[in-house]
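Dear colleague,

Please find the structure below.

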Amino acid sequence: MRNDNFIFLILVFAMVLNACNTKNQKVKDNDSPITKEIYFGQKPPGLNPEVFAPGIVSINGRFEGAISFSPDLEEMYFGANNENEETSIYFSKLKGNKWTPIKRANFTNGGKNEELHPFVSPNGKRIYFTALDSSFADEKIWYVNRLKDSWSDAIQLDSPLNDDLVFFPNQSKNGGFYYFNLSKMKTYYAPNKNGEFPEIREVELEFGHHAFISPSEDYLLVTARNNEDESRKDNDIYVYFKRQDGRWTKPINLGSTINSNFDEKGPSITPDGKYLFFGRSERDIEPGLSNMYWVSTEVINKVRPVEF
């Protein structure tokens, strides 16, 4: 009887030990790596816009422009300039769980006076941007290719789209290329043909500039002078939704939560489709102040027509 009890106790002990080992193994297998603080560890906004990374990216007294994140959200590029200075592209990368100090990119190595409107391609292998020496004189779209630990020399995009003055490049996930033609004051689209853009097409929009396509290409954001109040002189952000036949809806103002009595500009959507970023010029509050804001893209869904 004692032997039976002894054997029983051994079996119970073995079962408990095995259960503990299994539990420990499960905890070990499910242990997350170091939390990656995407978006600079900022608390995600809801339906009300918040200043993005104040004192880090959004610096009072400086103009911050278009912003773009890599597909894995571990790199950030944006345009900025101080009062009476030329615009440059700045960047930071997530290393481990910390972002590197923000530095100037200088893609053209001084070959161009200004670099702005950076956009990281959907596959993360290129950064497109606008480069120029003088406003409304030689704006072209350039790019750099990703190398192992750096970027290539800047290359002017070989495409008919660069036959004119163009800026504000961006792409949908399928590679479709959107940009704005400054000479014609219209938005254009170039289908992606194995990484090249040999054909250009006008995007039939009622009005708007600085057009940005959503990752899924189901809507398009533009900046335009407020069209509802003739006394207003400021720019608002509008959205066009894409119909099944490829045509676009009438432009819809994103409303007073997004659009203030100051200029809203340079809208962009993050690669995950979750957030809308835009600049807001508040020169009447403080000269030179133009911070970067972000907000949930639910604000766009709220104005989406029922049929979409």
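Which backbone nitrogen lies 2.8 Å from a polar atom of the side chain of Asn 226? The backbone nitrogen of Asp 229 does.

This is a predicted model, in which local features need pLDDT of at least 70 and side-chain atom pairs count only at pLDDT 80 or more, while totals for chains, interfaces and linings use all residues. Residues are numbered from 1 along each chain as its sequence is written, and side-chain values use heavy atoms, with hydrogens and water left out.

Asn 226 sits in the loop between strand 16 (219-225) and strand 17 (235-241); strands are DSSP runs of E, at least two residues, numbered from the N terminus. Asn 226 has a relative accessible area of 8% and is therefore buried (under 20% relative accessible area, 1.4 Å probe, protein chains only). Leaving aside neighbours within four places in sequence, its contacts (heavy atoms within 4.5 Å) include Arg 232, Tyr 238 and Asn 253.

Tyr 238 is buried as well, at 0% relative accessibility.

Strands 15 and 16 pair over 3 bridges, and His 209 stands opposite Thr 223 in strand 16.

Yours sincerely

Note on methods: Helices (H or I, at least four residues) and strands (E, at least two) are DSSP runs, numbered from the N terminus. Buried means under 20% relative accessible area, exposed over 50%, partly exposed in between (1.4 Å probe, protein chains only). A polar contact is a pair of N or O atoms within 3.5 Å; within protein, one must be able to donate a hydrogen and the other to accept it, and residues adjacent in sequence count only if both atoms are side-chain atoms. Two strands pair if DSSP finds at least two bridges between them.
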